[in-house]
Amino acid sequence: MRKVYTRPRLLKRVPFHYCPGCGHSVIHRVMCELIDEMDLHDRIIGIPPPGCSVFAYHYFDIDMAESAHGRGAAVATGIKRAFPEAIVFTYQGDGDLAAIGTAETIHAANRGERITAIFINNAVYGMTGGQMAPTTLSDQVTTTTPYGRDTNIEGYPIKMSEIVALVRGAVYIERTAVNSPANIRKTKKAIRKAFQAQIDDLGFSLVEILSPCPTNWRMTPLESWQWIDKVMTREFPLGVIKDITGKTDAD
Amino acid sequence: MNGNSTIAEAAIRAGCQCYFGYPITPQNELTEYMASHLSRKKGCSFIQAESEIAAINMVYGASLVGARAMTSSSSPGISLKQEGISYLAACELPAVIVNMSRGGPGLGSISASQSDYFQATRGGGHGDYRTIVLAPSSGQELADLTHRAFDLADKYQIPVIILGDGMLGQMMEPVEFKHEAPEELPIRSNALRGAKGRPSRIIKTFTSKPAELEEINWSLFRRYQLIKKEETACETFLVEDAKLIVVAFGIAARIAKGAIKNARTNGLKVGMLRPITLWPFPSEKVKGLAKKTRHFLVFEMSMGQMIEDVQLALEGKGEVSFYGRPGGVIPTPSEVFRVVSRLYHQKGLESAK
């Protein structure tokens, strides 16, 4: 019989603590496959700051360290500068990367730090119980926008990937989703490209992944997949936002 | 050489590989020296970070992979770094943090002050932790203690604070550097370097089990007890026959020394205790001195912070007076001499046995 699927070697054999239908487990799985396929296990270091995925180090069988909320890009910078042979990634949520860690993210990108940010956008603060995130959509109900996000008061969903794309040191930025087998495959491809940009010493790379949070969205897993397609991608369109990895000049 | 550059040169000679900083007066010469002398050095890295917070987190990253790393700032900037210092302490990571402190609170002044004593010696950030705090009082000591700071940080896997002030940073003094920069330093055995030929490694404190965190806290506490026992340091000056002992640290001790010399020529038996480690505080030494001397004058460039440690050490066995100038005002030796002699007479120490 032909073996078509196996548990990735680098995914530890422990049960996930994530909710049913959460996107983190899928993203963990594709990343573990990828790290193995790209033969990066020996030199990769991951930084998961606070958020649901702060426990990522329980699942990835690679070197990992915690960081303060939002400081992932600065910690990754310190790692890469002190140990340039390492392949360094952060695994950050939308609150982490697009609110409290905005400065660290933009400036690491601007310096063209050879690091990769995996940016999980689920439009809410998941771990703390579903509060408004910087990426929460207009009119979206969260525990801190009980009447729906009023852009007149709470501002607009922030498009962090597009903002980061404006700085010269960022070389590869793509937005994907994990709400269908096809999109999951595209996500894996995007992360491969982002890691490759780092391996090739080109600059800062970022993959934003629209990821379902059925618990805080008060939806079934299936409904949350559909919500990404029907609602979320209208505000956050999928696709490559910036790719200058083919050029030698970073502008 | 000015004090700030002295620290930078001493750090490079201690094998500091990474420096991450952010401009703030009165410590900019340190950052600038690193930009000139460390940034192009092989295997080293210098970044002028986007913020104090980013700088300390870069230090955290460099320390994770086993590099000797340092940041420096002055009071308001050090407040911003406290988050990162707490994480360094929690994850048992070595690092050297320099505070060339200035007047506060708030934006305060850019003049020298000692009002960050509490912040430095009580941990400073959130959680139950301490850092080693070294208090140099001369250009030479800036060099020597900077070197020592890196060794202590590595030995105990702990962040070490060098608590100087704006005056020490700006003062020009001759300095002898006793060390050459090492060719190569060994990589710490618990560093994150990628899981090559060994099981993967996690550096973290976060846990959903309070008992697990309690164990981490106990383990830190045991190390703190060891540091107290092994690393407490202080200098005494003319204490043998002293009827009054001035307790002062850093630049204030330098000022006090002038006053004490003047007092001696006037026949007043005054001595000095100068803590070199502010944490651990030389409590045993203070207690020992109280066996022969009853009167202590704590002199600080603040409203009185170290005085609490002196009182705790004395356990009510001595009489403690205080003189302080907050806000970045620099007292003169003659001013301190007047305070010393007034106190001496008030307490009737001329006639005391």
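**Loops, helices and cores**

Tutor: Let's start with P174(B), which sits in the loop between α7 (166-170) and β7 (202-203) of chain B. Helices (H or I, at least four residues) and strands (E, at least two) are DSSP runs, numbered from the N terminus. This is a predicted model, where local features need pLDDT of at least 70, side-chain atom pairs count only at pLDDT 80 or more, and totals for chains, interfaces and linings use all residues. Residues are numbered from 1 along each chain as written, chains are lettered from A and ligands numbered from 1 in the order written, and side-chain values use heavy atoms, without hydrogens and water.

Student: OK, is P174(B) buried or exposed?

Tutor: P174(B) counts as exposed because its relative accessibility is 75%. The cut-offs are under 20% relative accessible area for buried, over 50% for exposed, and partly exposed in between (1.4 Å probe, protein chains only).

Student: Switching to L343(B): where is that?

Tutor: L343(B) is in helix α12 of chain B. At 10% relative accessibility, L343(B) counts as buried.

Student: What does L343(B) touch?

Tutor: Leaving out residues up to four places away in sequence, L343(B) touches L244(B), L297(B) and S321(B). Contact here means heavy atoms within 4.5 Å. L244(B) is 99 residues from L343(B) in sequence, and their C-alpha atoms are 9.0 Å apart.

Student: How do α9(B) and α12(B) pack?

Tutor: Helix α9 (residues 250-265) and helix α12 (residues 333-346), both of chain B, pack at about 55 degrees with axes 8 Å apart. Axes are lines fitted to C-alpha atoms, for helices over the stretch in contact, and angles run from 0 to 180 degrees between N-to-C directions. α9(B) and α12(B) are therefore oblique to each other: under 35 degrees is roughly parallel, over 145 roughly antiparallel, 65 to 115 roughly perpendicular, and the rest oblique.

Student: Which residues meet there?

Tutor: From α9(B), I255(B), A256(B), G258(B), A259(B), N262(B) and A263(B) meet P333(B), V336(B), F337(B) and V340(B) of α12(B). By class, that contact has eight nonpolar, two polar and no charged residues. Ala, Val, Leu, Ile, Met, Phe, Trp, Tyr, Cys and Pro count as nonpolar, Asp, Glu, Lys and Arg as charged, and the others, Gly among them, as polar.

Student: What about α6(B) and α8(B), at what angle do they cross?

Tutor: The axes of α6 (residues 139-156) and α8 (residues 210-231) of chain B cross at roughly 140 degrees and come within 12 Å, so α6(B) and α8(B) are oblique to each other. R148(B), L152(B), K155(B) and Y156(B) of α6(B) contact R223(B), L226(B), I227(B), E230(B) and E231(B) of α8(B). Those residues divide into four nonpolar, no polar and five charged.

Student: Last topic: how many residues are in the largest nonpolar core?

Tutor: That core has 141 residues, and M70(B) and F204(A) are among those with the most contacts inside it. A nonpolar core is a set of buried Ala, Val, Leu, Ile, Met, Phe, Trp, Tyr and Cys residues joined through side-chain atoms within 4.5 Å. Another core lies apart from it, with 38 residues including M31(A) and V54(A).
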